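Please look over the chain below.

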Amino acid sequence: PGGFGGPQLAPEVLAKVMEAQSNSVAKSLSLNDEQSKKLLDAYKVSRESIGKAVQAAMAAGGAGGAGGGGAIRELMTAERGKLETALKAFLTPEQATQAGAILGTFNPRWDMMVNVLDGMGLEEKVKTDAMKAVTGFIAESAKAREAAGGDRDAMRAKSQELREKLDGELGKILSADQLAKWKESTAFRRGGGGGARRDSQGDTPAA
């Protein structure tokens, strides 16, 4: 569930993470309880589908190795389209596009960040605001990745800029100690153990 070569999340932990992600998106779109439940159900189905597709591609040697590659991007695009189609059954076209653009990133970095926040024992209001900031970061990162195309240097620079912006926003929400814990727990460590181990081009979907 943690992605290729990344930290693994237990099924029950991943379930909590997906629920928090879906709830954050639902709140941003002001969805009612019924719509929020349907959003979570559709997201779960989509995550399971992309996971199985990635595993099958890896087993067949068509996913380009641990980094993903073109085959992975094609799978993600196809699954994102299926997700948006499912969302249009109970959301407006605009809401379905907005929700699909975020949930359809299938971003393991988002999984990791949400899991870190969930484990910090934050007060509900603080946690909600922090989750909202992280969701915004994921949405902006997806747009930046698309705009950068294959320019890894441009994406890396933009990713660093967005991360600094996120930490700045969280600095207004979290206490100094909480912010320090956040930064330590989510710091990128190339090739190391623990924390986030993917750069701006390494956000591969959960397998």
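The report goes from the whole chain to single residues.

## Basis of the model

This is a predicted model, in which local features need pLDDT of at least 70, side-chain atom pairs count only at pLDDT 80 or more, and totals for chains, interfaces and linings use all residues. Residues are numbered from 1 along each chain as its sequence is written, and side-chain values use heavy atoms, with hydrogens and water left out.

## Overall fold

The chain has eight helices and zero strands. Its pattern along the sequence is α-α-α-α-α-α-α-α. Helices (H or I, at least four residues) and strands (E, at least two) are DSSP runs, numbered from the N terminus.

The chain has 207 residues, and 45% of them are buried. Buried means under 20% relative accessible area, exposed means over 50%, and partly exposed lies in between (1.4 Å probe, protein chains only). The chain exposes about 10300 Å², with 53% supplied by carbon and sulfur atoms. Areas come from the Shrake-Rupley method with a 1.4 Å probe; for residues, only the protein chains shown count as cover.

Contact means heavy atoms within 4.5 Å. Of the contacts between residues at least 6 apart in sequence, 67% join residues at least 24 apart.

## Nonpolar cores

A nonpolar core is a set of buried Ala, Val, Leu, Ile, Met, Phe, Trp, Tyr and Cys residues joined through side-chain atoms within 4.5 Å. The largest one holds 45 residues. Leu39, Leu87, Trp110 and Trp182 have the most contacts inside it. Helices giving two or more residues to this core are H1 (11-28), H2 (33-59), H3, H4, H5 (108-118), H6 (124-148), H7 (152-171) and H8 (176-186). H6 gives the most, with 10 residues.

A second, separate core has five residues, including Ile50, Val54, Met76 and Phe106.

Leu39 belongs to the largest core. Beyond residues up to four places away in sequence, Leu39 touches Ser22, Val25, Ala26, Leu31, Leu87, Phe90, Leu91, Ala99 and Leu103.

## Packing of H3 and H4

Two packed helices are described by the angle between their axes and the distance between the axes. H3 spans residues 70-87 and H4 spans residues 93-103. Their axes come within 9 Å and cross at roughly 145°. Axes are lines fitted to C-alpha atoms, for helices over the stretch in contact; angles run from 0 to 180 degrees between N-to-C directions. The crossing is right-handed. That term applies if the near helix is turned clockwise from the far one by less than a right angle; anticlockwise is left-handed.

From H3, the contact uses Arg80, Leu83, Glu84 and Leu87. From H4, it uses Ala96, Thr97, Ala99, Gly100, Ala101 and Leu103. These residues divide into six nonpolar, two polar and two charged. Here Ala, Val, Leu, Ile, Met, Phe, Trp, Tyr, Cys and Pro count as nonpolar, Asp, Glu, Lys and Arg as charged, and the others, Gly among them, as polar.

## Positive phi in two loops

Ser30 lies in the loop between H1 and H2. Its phi is near 55°, a positive value in a residue other than glycine. Ser30 is exposed, because its relative accessible area is 65%.

Phe106 lies in the loop between H4 and H5. Its phi is also positive, about 50°, although Phe106 is not a glycine. Phe106 is buried, because its relative accessible area is 1%. Phe106 is one of the residues of the second core.

## Selected helix residues

Gln95 sits in H4. Its relative accessibility is 18%, so Gln95 counts as buried. Leaving aside neighbours within four places in sequence, Gln95 is in contact with Leu29 and Leu31.

Asp167 sits in H7. Its relative accessible area is 14%, so Asp167 is buried.

Ala53 sits in H2. At 26% relative accessibility, Ala53 counts as partly exposed. Ala53 and Met76 are 23 residues apart in sequence and 9.3 Å apart in space, C-alpha to C-alpha.
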